[in-house]
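Open the model in your viewer and keep the selection panel handy. We will walk through a few helices together.

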Amino acid sequence: MIEDKVELWVVIFGLGLGSFGLRFLFLGLVGDRTLPGWLMRHLRYTPVAILPALVAPLVLWPTSTDGEVDPGRILAAFVALAVGYVSKNVIAAILSGAAAFAVLAWIGL
Amino acid sequence: MAADGAMSSYRRGIRDGLPFIVMVGPFGLLFGVVATEAGLSVFESLTFSIVVIAGASQFTALQLMQDNAPTLVVLGSALAVNLRMAMYSASITPHLGALPFWKRAVTAYFMVDQTYAGSILEYERRTGMSVGEKFAYFMGMATPICPAWYILTLVGALVGGAIPEGIGLDFALPLAFIAMVAPALRTPNHVVAMVTAVVASLLFAWLPYNLGLIVAGLAGMMAGAEMERRRGA
């Protein structure tokens with residue numbers, strides 16, 4: 001139980017300010033100044049690098065299974081990736097991944 | 001004409017943002033439940049979600065406060081989990097940097113995984129959007145997503161522990177991100193960036209404070225950029 005309400009409010013507002021600072025860091029300070037070519041070249045790959053890096057450990061070691069590997073999740077992840085890559089359709093990819101996850105869970109994988 | 005463009009971009013953003021309620025909602029709900037179980041009032045839980053608006057950080061902070069960690073450790077760890085927001089900020093700056101200061105501040109507040117990912121992928125897909133249309137699209141994405149986070153936190157705090165476990169809701173976030181990234185793999189450079197980031201994220205998962213994510217993200221970006229330098233975009 002969290003008893004210390006002063007600490008709680010310090011954390012809420014400290015975290016709020018800090019999170020805003022991180023989000024504003026480049027957008028607010030750099031603005032429309034041109035960024036150097038090498039930096040732009042790296043930034044182009046931010047979404048396809050950081051989002052998979054966020055997801056991969058969650059797929060391989062899900063928190064809800066206490067980190068136990070679940071083959072159903074891994075297969076469903078590949079189904080969503082393949083459908084999304086081929087069809088270029090986000091919704092089709094989500095639905096096929098969810099369907100694969102449900103079917104694999106149902107057959108006990 | 002420009003106003004029409006912004007309006008239709010805003011509407012397109014809303015439409016593209018709506019499905020994300022399905023992934024944001026359960027986490028908001030879960031946060032509300034977990035927060036009240038940790039001893040927070042409904043008001044405190046809701047304020048937490050409105051002020052911080054970052055799920056992973058909020059869960060981290062809650063966990064560490066329950067473990068009686070020092071306040072500085074709580075703040076440091078929860079912010080480390082949120083370091084990726086600085087990368088999002090850098091990545092979206094070439095698109096939205098020309099906006100007036102207050103619009104950049106508004107964008108920063110609403111920058112979460114889903115609004116960032118949805119918007120940046122749209123900017124890449126639909127080249128030639130004006131900066132006004134890009135901002136409108138971003139705000140369109142935020143319109144269903146961010147209030148869903150607040151409202152479901154509130155609902156979670158009110159209903160407490162009545163959520164069934166073991167229906168695999170935690171898989172909604174990975175699935176949605178995979179589905180968003182897959183169509184963005186437009187060139188071999190993108191594929192190399194993704195594969196490198198995935199391998200690195202698993203190799204460095206043992207690093208504390210989610211730093212493995214930052215290391216893996218940087219590794220993927222460097223791999224993609226190096227490929228581009230060698231063989232072109």
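This is a predicted model: local features need pLDDT of at least 70, side-chain atom pairs count only at pLDDT 80 or more; totals for chains, interfaces and linings use all residues.

Residues are numbered from 1 along each chain as its sequence is written, with chains lettered from A and ligands numbered from 1 in the order in which they are written.

Start by selecting α2 (residues 21–37) and α3 (residues 42–52) of chain B, which pack at about 135° with their axes 9 Å apart. Now show the contact (C-beta atoms, placed from the backbone, within 7 Å): α2(B) brings B:G28, B:F31, B:G32, B:A35 and B:T36, while α3(B) brings B:V42, B:S45, B:F48 and B:S49.

Next, select α4 (residues 55–66) of chain B, which has twelve residues. Colour its buried residues (20 or more other C-beta atoms within 10 Å of their own): among them are B:G55, B:L62 and B:M65. They pack against α1 (5–30) of chain A, and α2, α3 and α5 (71–81) of chain B. Just past α4(B), B:N68 has a positive phi of about 60°.

Finish on α12 (residues 211–231) of chain B, whose 21 residues reach 30 Å from first C-alpha to last. Its buried residues include B:L213, B:M221 and B:E228. The cover over the buried residues of α12(B) includes α2 (37–43) and α3 (46–60) of chain A. Just after α12(B), look for B:G232, with a positive phi of about 85°.

Terms used:
Axes are lines fitted to C-alpha atoms, for helices over the stretch in contact, and angles run from 0 to 180 degrees between N-to-C directions. Helices (H or I, at least four residues) and strands (E, at least two) are DSSP runs, numbered from the N terminus. Two residues are in contact if their C-beta atoms, placed from the backbone, lie within 7 Å. The expected span of a helix is 1.5 Å times one less than its number of residues. A residue is buried if 20 or more other C-beta atoms lie within 10 Å of its own, exposed if 12 or fewer, and partly exposed in between; C-beta atoms are placed from the backbone.
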